[in-house]
Amino acid sequence: QVQLVESGGGLVQAGGSLRLSCAASGSIFSISAMAWYRQAPGKQRELVALITTSNTTHYADSVKGRFTISRDNAKNTVYLQMNSLKPEDTAVYYCNAQGIIQYWGQGTQVTVET
C-alpha cells in the first residue's frame with residue numbers, strides 16, 4: 001500500500017502562483033512514476049504532469065511552460081509548481097502514484113479568480 005497526502009491548494013488571483021506537495025509513504029519502492037491530475041466541475045479527470053523515477057517529465061499541453069513537476073527523493077515528496085495561473089486551471093488536483101496498481105491522494109482544491 002502507498003499513502004499519498006497532498007497540500008498546498010488554495011485561492012489565488014489569475015497570474016499568481018501556487019505550489020502543491022504530495023508526500024508518499026508506505027510501499028514506495030513499488031512506484032515507477034508520480035503524477036498530478038486535475039478534475040474540474042463537469043469534466044473528466046485529466047493528466048497535468050508526470051515524473052518518472054529517472055526524472056523524465058511529461059506535461060499536458062495546457063500547462064507547458066507554466067507548471068513544473070519535481071521530486072525530492074529524500075523526502076518522498078513530489079511537487080507541482082504552478083505559475084501564471086489562469087481561471088481555467090481551477091480544479092481539484094490529485095496526486096497519483098503509478099506502480100503495479102495506481103494510488104490516489106484525497107485531492108486539493110485550486111481556485112483561480114479573475
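**Entry 1: the disulfide**

I looked at the S-S torsion of C22 and C95 to begin with; at about -80 degrees, it makes the disulfide left-handed. The sulfur atoms of C22 and C95 are 2.0 Å apart, and a disulfide here is a pair of cysteine sulfur atoms within 2.5 Å. My search of the whole structure turned up one disulfide. C22 sits in strand β3 (residues 18-26) and C95 in strand β9 (residues 91-98), so the bond ties together parts that are 73 residues apart in sequence.

My cut-offs: buried is under 20% relative accessible area, exposed is over 50%, and partly exposed is in between, with a 1.4 Å probe and protein chains only.

A note on what I am working from: this is a predicted model, where local features need pLDDT of at least 70 and side-chain atom pairs count only at pLDDT 80 or more, while totals for chains, interfaces and linings use all residues. Residues are numbered from 1 along each chain as its sequence is written, and side-chain values use heavy atoms, with hydrogens and water left out.

**Entry 2: salt bridges**

How many salt bridges are there? I count four, taking a salt bridge as a side-chain nitrogen of Lys or Arg within 4 Å of a carboxyl oxygen of Asp or Glu.

R38 and D89 make one of them, with 2.9 Å between the closest N and O atoms. This pair links distant parts of the chain: R38 is in strand β4 (residues 33-39), and D89 is in the loop between β8 (77-82) and β9, 51 residues apart. I find both R38 and D89 buried.

D89 also forms a salt bridge with R66, where the closest N and O atoms are 2.8 Å apart. R66 lies in the loop between β6 (57-59) and β7 (67-72) and D89 in the loop between β8 and β9, so this pair ties together parts that are 23 residues apart in sequence. The relative accessible area is 0% for D89, which is buried, and 11% for R66, which is buried as well. Salt bridges that share partners join R38, E46, R66 and D89 into one network.

I also noted K64 with D61, the closest N and O atoms being 3.1 Å apart. D61 is exposed, at 64% relative accessible area.

**Entry 3: rings and a charge over them**

Next I looked for aromatic pairs and found two. Y37 and W104 form an edge-to-face pair, 5.0 Å centre to centre with 65 degrees between the planes. Y37 is in strand β4 and W104 in strand β10 (residues 102-104), so the pair ties together parts that are 67 residues apart in sequence. Y37 is buried at 16% relative accessibility, whereas W104 is partly exposed at 35%.

Y94 and W104 are edge-to-face too, at 6.5 Å centre to centre and 85 degrees between the planes. Y94 lies in strand β9 and W104 in strand β10, so this pair ties together parts 10 residues apart in sequence. Y94 is buried, with a relative accessible area of 14%. My rule for rings of Phe, Tyr and Trp (its six-membered ring) is centres within 6.5 Å; planes under 30 degrees apart are stacked, over 60 edge-to-face and the rest tilted.

Which rings does R45 lie over? The charged end of R45 sits over the ring of Y94, 3.7 Å from its centre, and R45 also lies over the face of W104, 4.6 Å from the ring centre. I called this when NZ of Lys or CZ of Arg is within 6 Å of the ring centre and within 35 degrees of the ring normal.

**Entry 4: the open sheet**

Last, I followed an open sheet of four strands, in the order β1-β3-β8-β7 with antiparallel pairing. β1 (2-7) and β7 stand at the edges with a single partner strand each, so one side of each is left without a neighbour in the sheet. Two strands pair if DSSP finds at least two bridges between them; β7 and β8 pair in the antiparallel sense over six bridges. F67 stands opposite M82 in β8.

How values were computed. Helix = DSSP H or I, 4+ residues; strand = E, 2+ residues; numbered from the N terminus.
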